Amino acid sequence: MPDVRTVATHCPYCALQCGTRLTRERRGVSVRPTDFPVNRGGLCQKGWTAPSLLDVADRLRHPMVRRDGELVPVSWDIALDTIATGLDRIRAERGPDAIGVFGGGGLTNEKAYLLGKFARLALGTSQIDYNGRFCMSSAAAAGNAAFGVDRGLPFPVTDLGGADVVLLAGANPAETMPPLMQHLRSPELIVIDPRRTATAEQAALHLQPLPGTDLALALGLLHIAVVDGRSDTGYIAERTGGFESAWQRAMSWWPERVERVTGVPVSEQRQAVRMLAEAGSAYVLTGRGAEQHSKGVDTVSGFINLALALGLPGRPGGGYGCLTGQGNGQGGREHGQKADQLPGYRMITDQAAREHVAEVWGVPPEELPGPGRSAYELLDALGTEDGPSALLVFGSNPVVSAPNAAHVTDRLKALDLLVVADFVPSETTELADVVLPVTQWAEEEGTMTNLEGRVLRRRGLQVPPGHARSDLEVLHGIATRLGEPGHRYPTRPREVFEELRRASAGGKADYSGISYERLDAGEALHWPCPDGEHPGTPRLFLDGFAHADGRARFVPVEHREAGDVPAEVFPLTATTGRVLAQYQSGAQTRRVAELNEAAPEAFVEVHPDTAARAGLAEGARARVTSPRGSTVATVRLVPTMRTDTVFLPFHFPGDGRANLLTSDALDPRSRMPEFKVSAVRLEPEREVVAP
Ligand code: SF4
């Protein structure tokens with residue numbers, strides 16, 4: 001890919017995928033926002049500073065192999081030969097499932113697709129999953145159950161601007177995707193969040209439940225809607241099924257009981273339902289706050305049930321949606337890097353799906369492995385008798401981002417072979433046996449799928465530095481050394497996308513009508529887009545839901561306690577999340593001076609009374625301890641915090657990792673970890689007490 005002077009592309013970070021134009025100037029690369037519909041000329045601080053990523057001082061430029069305990073630069077041939085020799089040996093000794101693959105929600109569609117194919121064919125392993133399991137899998141499971149398909153927003157972001165009321169449950173876009181807020185200026189906002197976030201500050205109504213009780217609140221809101229006669233009985237009868245069974249569960253969630261469990265006053269519950277029901281146009285949106293629980297799927301289902309009872313989904317000017325997190329959180333879960341899925345959002349256990357994909361790949365269907373372990377379960381099994389002894393990581397930093405982080409770090413250390421492909425050093429590359437320097441955002445071509453299911457072109461501005469290669473070339477290099485025919489692993493993104501189109505044809509996420517040519521011509525293509533003449537589908541469900549009978553489903557759900565319940569030794573609840581100036585594990589944003597200056601270190605938000613009881617003042621160093629371990633953070637006194645709750649951002653490394661606290665409790669269906677609830681105690685840093 002040659003250098004060009006200027007290019008239209010998208011921000012490398014979150015799922016909003018703001019439109020940008022990059023220009024190479026004498027002083028370096030400059031960025032400016034474009035009038036793309038999601039950002040309309042806006043960018044957040046991360047987007048404005050993204051070009052800094054292109055010349056970070058410690059950019060990975062050479063492949064490295066660990067020798068005598070040190071990572072030393074080597075040629076690509078030596079690095080790839082080392083990997084292939086190790087994988088061959090491990091596979092011969094322990095079988096293909098002794099090799100694991102861990103992908104990322106920031107990978108392009110082409111990379112995610114080829115990674116899934118590489119794992120199933122070149123390695124023959126079932127053990128592939130990705131960090132999107134930590135991010136959106138609960139909303140995906142709930143969306144599939146209710147609507148028969150999962151697309152973050154089944155309508156364009158721009159529709160939100162015409163709403164009268166928007167309920168945001170566990171989402172803080174004012175910090176996580178600020179340009180989205182311009183679409184939320186005119187609707188009245190109802191925000192459900194244990195913290196008074198920047199988004200809650202702008203809300204007409206802020207409900208502040210105890211972390212882990214959002215499901216009780218969703219049940220209570222449904223209860224009020226029905227009892228107060230505010231449900232849409234005509235819509236329920238015509239467009240849905242299963243209302244009675246869902247109502248049987250919600251029936252006992254009287255507002256007073258909900259107040260006792262959640263702490264949200266009855267009057268505020270009633271006001272929320274009144275606002276939604278009386279709005280001419282209303283949307284219910286969920287985010288990680290609703291999802292990252294051991295009951296995350298049920299919690300999201302609870303909010304979808306509320307939206308259905310009010311007659312919102314599948315109507316012009318109304319709906320339910322989920323605000324996707326990672327840059328390609330949507331596309332990343334559609335093309336086969338998830339343990340239970342094949343391209344086109346097909347299930348790997350579905351025989352017809354296996355036959356279709358196997359035909360595209362040119363192999364018999366029985367050659368495809370079955371479903372593997374979910375992300376945390378895969379990490380938990382590393383180095384154990386039954387688990388993988390080799391792991392290949394692409395675009396992820398699980399040492400910081402995985403729950404129960406100290407345990408996960410130990411598991412990674414127990415591997416015989418850890419290979420990490422990334423473009424900057426991370427806490428996970430520090431443990432690797434082989435590190436592969438790969439291209440990043442402005443150095444590569446490809447496609448991403450944003451939170452509204454719109455497929456976007458990522459375009460390259462300049463060649464990568466040093467010896468960095470694209471992930472596609474890496475997969476080709478390993479696969480051919482393992483004896484695979486090279487043509488199965490194309491290195492040109494366009495070629496991979498052409499194959500992805502065929503593999504996705506007829507699936508839920510059908511990309512077969514989308515092409516680079518159409519995208520480059522400026523067409524706005526939302527999947528499904530089943531042929532080259534199809535205009536794409538910006539709005540799903542207007543004519544019916546994706547279940548065979550065209551109806552949406554209420555899903556009966558019941559509140560239950562979190563995996564951790566605060567008690568004497570650990571009396572507080574810690575919840576984790578993001579801040580504006582950092583992104584995910586921080587491996588990228590901690591290297592950008594302006595962002596690091598804005599958010600330089602781990603902190604813990606605490607109510608002043610709670611801090612005083614623990615003997616802590618503003619700026620003090622606090623130790624926060626859960627049954628898993630402890631983390632150290634600087635105290636920020638926040639009078640709007642609940643006195644029983646503390647908040648820690650999860651972007652920071654070392655002993656500031658918030659995920660040293662989080663547990664291995666998983667949702668039984670989505671297998672999403674419970675990042676939002678950990679029982680903790682708070683004390684000055686010096687008082688070190690074993691957990
Ligand atoms: Fe980038 Fe997301 Fe910020 Fe837009 S909102 S500039 S996509 S990080």
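## Exercises on a predicted model

The area buried between domain 1 and domain 4 of this predicted model is about 860 Å², and carbon and sulfur atoms give 65% of that area. The exercises start from this interface.

**Exercise 1.** Which three residues supply 60% of the area that domain 1 buries against domain 4?

*Solution.* Step 1: find the two domains in the chain. Domain 1 covers 6–55 and domain 4 covers 572–684. Their C-alpha centres lie 29 Å apart. Step 2: list the contacts. Seven residues of domain 1 are in contact with eleven residues of domain 4. Tyr-13, Gln-45 and Lys-46 supply 60% of what domain 1 buries here, more than any other three residues.

**Exercise 2.** How many salt bridges and how many residue pairs in polar contact are found between domain 1 and domain 4?

*Solution.* Step 1: look for salt bridges across the interface; the rule finds zero. Step 2: look for polar contacts; the count is two residue pairs, both at pLDDT 80 or more. Step 3: sort the side of domain 1 that touches domain 4 by class. This side has three nonpolar, three polar and one charged residues.

**Exercise 3.** Which residues surround the ligand, and how do they divide by class?

*Solution.* Step 1: collect the shell. The ligand is surrounded by Cys-11, Tyr-13, Cys-14, Gln-17, Cys-18, Leu-43, Cys-44, Lys-46, Gly-47, Met-177 and Pro-179. Step 2: sort them. Eight are nonpolar, two are polar and one is charged. Step 3: check back against Exercise 1. Tyr-13 and Lys-46 belong to this shell, and both are among the three residues that supply 60% of the area domain 1 buries against domain 4.

Conventions:
Residues numbered from 1 in each chain as written. Predicted model: local features only at pLDDT ≥ 70, side-chain atom pairs only at ≥ 80, totals over all residues. Heavy atoms only, no water. Domains from an automatic or database assignment. Contact = heavy atoms within 4.5 Å. Buried area = accessible area lost by both parts, 1.4 Å probe. Salt bridge = Lys/Arg side-chain N within 4 Å of Asp/Glu carboxyl O. Polar contact = N/O pair within 3.5 Å; in protein donor to acceptor, adjacent residues only side chain to side chain. Nonpolar A, V, L, I, M, F, W, Y, C, P; charged D, E, K, R; others polar. Near = heavy atom within 4 Å.
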